[in-house]
Amino acid sequence: RYFTSLRQDEAVEAFACFAKSKSVILSILPPEIITKSGNTEFVKRLNAKGVAFIVVGGAAVAVHGCRNMDAVDDLDIVIDSTIENAERFVAVLAECHIDFPHPVAALAKPGIQVPIKKWHYYLDVLTPRDIDFADMLTKSISSKIADIAVRVAGRDDLIAMKRFAIAQNDANRKKHQSDLSCLLASFASMAASEP
């Protein structure tokens, strides 16, 4: 409503200022990730077992200010695909009474997706495809799920993941394109505001 009372040039400038301040605020105080209670319990178990993971997908896009957190229906995470980390992850599955009928080594391969849609859990667990997990971790940002500190994929890794998802031409293509457009615009806005 505020922008409609301004001349066009004033509205453009005011909106640009708002967009810059939004990205600065989000980089300092990223929003807390809101997810189903079962997913929160699962994340607590991952942390307790020392599983290395990064939040990706819609929740990560929302943390970067490109989607409303209420529009996120599941939780997507990427786990480090080392055998040791995969063993810890499978131990969490066992604690949650979720069967993993494959050898642990299957999780050491790139591009694996494990959907966990059982009882009150609603998440997808992935292994890195073309991105090194350690590199992703260094570029990730911090956020929280309930009172649990988590790492969230950095903007450039999310951009790469969204481009890959769009190339797959799946049913969620429009959502991925919208996410990508916003991530690219906010990335350009941040780059333009740097001295």
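Ala-146 sits in the loop between strand S5 (141–145) and strand S6 (148–152); helices here are DSSP runs of H or I with at least four residues, strands are runs of E with at least two, and both are numbered from the N terminus. Its phi is near 55°, a positive value in a residue other than glycine. With a relative accessible area of 34%, Ala-146 is partly exposed (buried is under 20%, exposed is over 50%, partly exposed is in between, using a 1.4 Å probe and protein chains only).

A quick word on ground rules: this is a predicted model, in which local features need pLDDT of at least 70 and side-chain atom pairs count only at pLDDT 80 or more, while totals for chains, interfaces and linings use all residues. Residues are numbered from 1 along each chain as its sequence is written, and side-chain values use heavy atoms, with hydrogens and water left out.

His-97 is another non-glycine residue with positive phi, near 60°. Look for His-97 in the loop between helix H4 (83–95) and strand S3 (113–116). Its relative accessibility is 59%, so His-97 counts as exposed.

## Overall layout

The protein has seven helices and six strands. Reading from the N terminus, the order is α-α-β-α-β-α-β-β-α-β-β-α-α. Of its 195 residues, 41% count as buried. Take the contacts (heavy atoms within 4.5 Å) between residues at least 6 apart in sequence: 62% of them join residues at least 24 apart.

Which residues touch the most other members of the largest nonpolar core? They are Ile-33, Phe-42, Val-55, Phe-89 and Ile-116, in a core of 49 residues. Such a core is a set of buried Ala, Val, Leu, Ile, Met, Phe, Trp, Tyr and Cys residues joined through side-chain atoms within 4.5 Å. Setting aside neighbours within four places in sequence, Phe-42 is in contact with Phe-89, Val-92, Leu-93, Cys-96, Ile-116, Tyr-121 and Leu-123.

Phe-42 is one of the buried residues of H2, along with Gly-38, Asn-39, Thr-40, Val-43 and Leu-46. The helix covers residues 37–49, and its 13 residues should span 18 Å at 1.5 Å a residue; the end C-alpha atoms are 19 Å apart, which agrees. (The expected span is 1.5 Å times one less than the number of residues.) Just after H2, Gly-50 takes a positive phi of about 75°.

Thr-82 is in the loop between S2 and H4, and a relative accessible area of 30% makes Thr-82 partly exposed. From Thr-82 to Val-104 is 22 residues in sequence and 9.8 Å in space, C-alpha to C-alpha. Ile-83 lies in H4 and is partly exposed at 35% relative accessible area. Ile-83 and Ala-108 are 25 residues apart in sequence, with 6.0 Å between their C-alpha atoms. Leaving out neighbours within four places in sequence, Ile-83 is in contact with Val-104, Ala-105 and Ala-108.

Is Asp-74 buried or exposed? At 15% relative accessibility, Asp-74 counts as buried. You'll find Asp-74 in the loop between H3 and S2. Again leaving aside neighbours within four places in sequence, its contacts are Asn-39, Lys-117, Tyr-122 and Asp-124.

About 810 Å³ of space lies in the largest pocket. A pocket is an open set of points on a 1 Å grid over the protein atoms alone, where a 1.4 Å probe fits, with protein on both sides within 12 Å along at least five of seven lines; lining residues have an atom within 4 Å of a point. Grid points are joined across faces, edges and corners, and the volume is the space filled by probe spheres set on the points. There are 31 lining residues, of which Asp-76, Leu-126, Met-161, Ala-165 and His-176 lie nearest the centre.

H6 provides the largest share of the lining, five residues. Among the residues buried in H6 are Arg-155, Asp-157, Lys-162 and Ala-165. After H6 comes Asn-169, with a positive phi near 55°.
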